[in-house]
Amino acid sequence: MSTELMLFLLALLLFAGVVLPAVWSRHGYRRTAARRTLAMLLKAVRDLYPF
């Protein structure tokens, strides 16, 4: 598989697994957990690639 396809699949899985539950879950605890996970992932990306 090409690198671009792997990055696309990773982004798609991240979106489906973290971002969607943070927005559309009925349960507050799921939204909170998804938001915390997303914040941790974004912090890790910012630490790797500071802009």
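Is serine 25 buried or exposed? Serine 25 is buried, at a relative accessible area of 14%; buried means under 20%, exposed over 50% and partly exposed in between, with a 1.4 Å probe and protein chains only. The model is predicted: local features need pLDDT of at least 70, side-chain atom pairs count only at pLDDT 80 or more, and totals for chains, interfaces and linings use all residues. Residues are numbered from 1 along each chain as its sequence is written, and side-chain values use heavy atoms, with hydrogens and water left out.

The protein chain has two helices and zero strands. Helices (H or I, at least four residues) and strands (E, at least two) are DSSP runs, numbered from the N terminus. The C-alpha trace spans about 35 × 25 × 10 Å along its principal axes. The radius of gyration of the protein chain is 13 Å, whereas a compact globule of 51 residues would have one near 10 Å. That radius is taken over C-alpha atoms, and the globule rule is 2.2 Å times the number of residues to the power 0.38. Buried residues account for 8% of the 51 residues.

Helix 1 covers residues 3-24. Its 22 residues should span 32 Å at 1.5 Å a residue, and the 30 Å between its end C-alpha atoms agrees. The expected span is 1.5 Å times one less than the number of residues. Helix 1 has a kink of about 35°, centred on phenylalanine 15. The bend at a residue is the angle between axes fitted to the seven residues ending there and the seven starting there.

Methionine 1 sits in the segment before helix 1. Methionine 1 is exposed, with a relative accessible area of 76%. Beyond neighbours within four places in sequence, methionine 1 is in contact (heavy atoms within 4.5 Å) with Met6 and Leu9. Its C-alpha atom is 27 Å from that of leucine 38, 37 residues away along the chain.

Serine 25 belongs to the loop between helix 1 and helix 2 (28-48). Residues up to four places away in sequence aside, serine 25 touches Leu20, Arg30 and Arg31. A polar atom of the serine 25 side chain lies 3.2 Å from the backbone nitrogen of histidine 27.

Alanine 33 is in helix 2. At 41% relative accessibility, alanine 33 is partly exposed. Alanine 33 and proline 21 are 12 residues apart in sequence, with their C-alpha atoms 9.0 Å apart.

Conventions:
Polar contact = N/O pair within 3.5 Å; in protein donor to acceptor, adjacent residues only side chain to side chain.
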